[in-house]
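Trainee: Please take one part of this model and go through it closely, giving the cut-offs behind each term as you reach it.

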Amino acid sequence: MKLKSRPAIALLSLSMAAIALAGCSEEAAGGDDNGSDGGDSAACAPEDVQLVGQVRNESNPYEASWLDGGDAFAESVDLEQQRLTYDADSTKQQEQISQLLAGDTNCLVMNILPNGDSDTLPIVEGAQEAGAYLVTQWNKPADVNVTDYDQWLSHITYNGVDSGKQIGDALAEAIGGSGGIIALQGILDTGAAKDRYAGLEESLAANPDVELLDQQTANFSRAEALEVTKTLLAKHGDDIKGIWTANDDMALGALEALKAAGKEGEVAVVGIDAVPDALTAIESGAMTATVSSDGPWQGGIGLAIGYCVATGELDAADITDDERAWFAEQFLITDENVADFTSPTVDDSEFACDNLFNRSQGAIS
Amino acid sequence: MTSPAEDVDVVAARPQPRRGVSFRDAGPPIALVVIFVVFAAISSDFRTFGNVQNIMDTAAVLAVVTCGITFVLMMGSIDLSAPGVMGAAAIAVSLLVLNNRNDNDLGLVGVLLAVLLAAGLGCVSGLALVILKVPSFMTTLGVSAIGLGVATLLFNGVQPNISDETLASWAVDRFLGFSYLTWIAVGCVFVGWLIQRYSRLGRYAFAIGGAEEVLALSGVKVAPYKVAVFTLAGAFYGLAGVMVTSQLSAGLVQAGKGYDFAAITAAVVGGTLLTGGRGGVLHSAVGVLLVTVLNNGLVQVGVSPYWQGGVQGLIVVAAVAAAVFPQRRRNQVTK
């Protein structure tokens, strides 16, 4: 009995000590906070802010660059970002979030990529209850309003219709304004796939001489795109002048299919996301265009918004409703400007507390 | 010691040549011919030689995966490790041959090492099954996660692109109209058939699936053969991972995504039963062609992508139902 209880007591006293210490440092932090008293818990000392970036997996170059951007921001304010990945598993994402929220949440800042629309609400409600600062990106159900929650500072996404149209127009231009194209769609029941395809349809309406010969889904996958493109090449042959794809992975798969068919360079290919291999392909002329949402910026901006509010440099009440849910700027990349994007750098001035929303293209309608 | 083993060989070999059984074996090939003829009649694009080339090239990777999984299914076990094992092999090979990440240039030795790594992962599945007695469903799922973990670690955030001439040429260069990958797949099916037909490993795999207890009671040590079968399957997945890398000119962690269930579907459609003891490599090869022709044909005749998934599923269920139709009286219990 004695032997058993001794470690327990040791553990208990250690944890008490830890709690006491934590309490001290928090108080100290409160005391440190210069003139602006405010007296509320909102103002955290910069060194107490805890930064968390969460994406699906690091094996995706885009999402890895997102976390790198978060690291870059954290370094600029002398902090470290906690990098979390959940393997595109909704349950795992929720578990990680609840573990985070079970800890000290006063100065917790989370920049989250929800796995799907339906995963956003539980994260938001958890953060609201725990008092953590939350910024989400890409996925949000349309009927959930950011303004209904104090702790959900902002939701950032991109106008898929716009990016689909931009690359559609770039493709039309590359094939000289007329000819047959094929389209590879993403996962059909995702908002991104629907919006981007709607953008292509707009582009086709504006370029009446471009004919859509066929459209298939390749589920955003490089391997599936390879097979579907091979099949469509067998079906339409030389009629295909261009290939529109809803993301770069599929564009790269289509390029391999063209290579296997000996048509490399003869058919224009466009995608979205600006993954490193796509940029290389644009540099070498194999690919025509892609669209960048600027992953490193996304990784930094979410943390920056949370950091500015947590430290009191930005008052949450000063964020306008239009800045609570907004479309961020995206960039069309062609061979003319590809060099600017091959080694993405994060510009610290973009994350200054008075400059956080300068990439806004308007509120999400 | 030798005589019981010989008995078993006889038992294992018996179900093959019997009257009335022939229809069961003929079902899937007939279905393949029917589907092919129907698509050829509907679509003029489908019946071109270019498209037949395309079908064979597309079927290559799935055929190699299915070769491996067939041995496991014949034993009555299940194997879900293909995605992880293929991912690990794909990344490993892309880092071992000439690539943009490091200075390795091992060529075919790199391919061999990747296949060995995959065989090792398969061996882990087998060992966990026979030593820890964890059901194959769980062990292989776990090994798949281990493989993906290894692949993600090796991947390290930067896509390895291959520039090895030999490996890249497998997907592009052709011999007698078909890509080298297709010939590799044909070779795998042939080797698989030889193993199944003439080696003790193949015959015991059948016997284990048919009646493992009988085999054990006859004094055969079953465990080493089980481990060997999973190792062999792992090697096939590894080669498939290398083939995907050759096709995409890049090592992808997700190289094997979806191949586990695609291969099981192909094997079952071809007449290899999930309960074990029936079917074989050639059956599965027919199944692979059936599934591939179906995928290709639906695109060629212009079925809307929104409908394809559903239509595919319907035809697969119908094909399996047709394949097991002659045995429905004997299969009183369906689990």
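Mentor: Strand 5 (residues 152-157) and strand 11 (residues 325-328) of chain A run parallel and are joined by three bridges, where strands (E, at least two residues) and helices (H or I, at least four) are DSSP runs numbered from the N terminus. Within this pairing, Ile156(A) stands opposite Trp326(A) of strand 11 of chain A; two strands are said to pair if DSSP finds at least two bridges between them. The model is predicted, so local features need pLDDT of at least 70 and side-chain atom pairs count only at pLDDT 80 or more, while totals for chains, interfaces and linings use all residues. Residues are numbered from 1 along each chain as its sequence is written, and chains are lettered from A and ligands numbered from 1 in the order in which they are written.

Both strands belong to an open sheet of seven strands in chain A, with the order 2-1-3-4-5-11-13 and mixed pairing. At the edges stand strand 2 (81-85) and strand 13 (360-363) of chain A, and because each has a single partner strand, one side of each has no neighbour in the sheet. From one strand to the next, the twist averages 20°, with axes taken as lines fitted to C-alpha atoms, for helices over the stretch in contact, and angles running from 0 to 180 degrees between N-to-C directions.

Helix 4 (residues 117-130) of chain A lies across strand 3, strand 4 (133-137) and strand 5 of chain A, at about 165° to strand 4 of chain A. Helix 2 of chain A lies across strand 1 (50-55), strand 2 and strand 3 (108-112) of chain A, and runs at about 170° to strand 1 of chain A. Contact here requires C-beta atoms, placed from the backbone, to lie within 7 Å.

Definitions and conventions. Contact = placed C-beta atoms within 7 Å.
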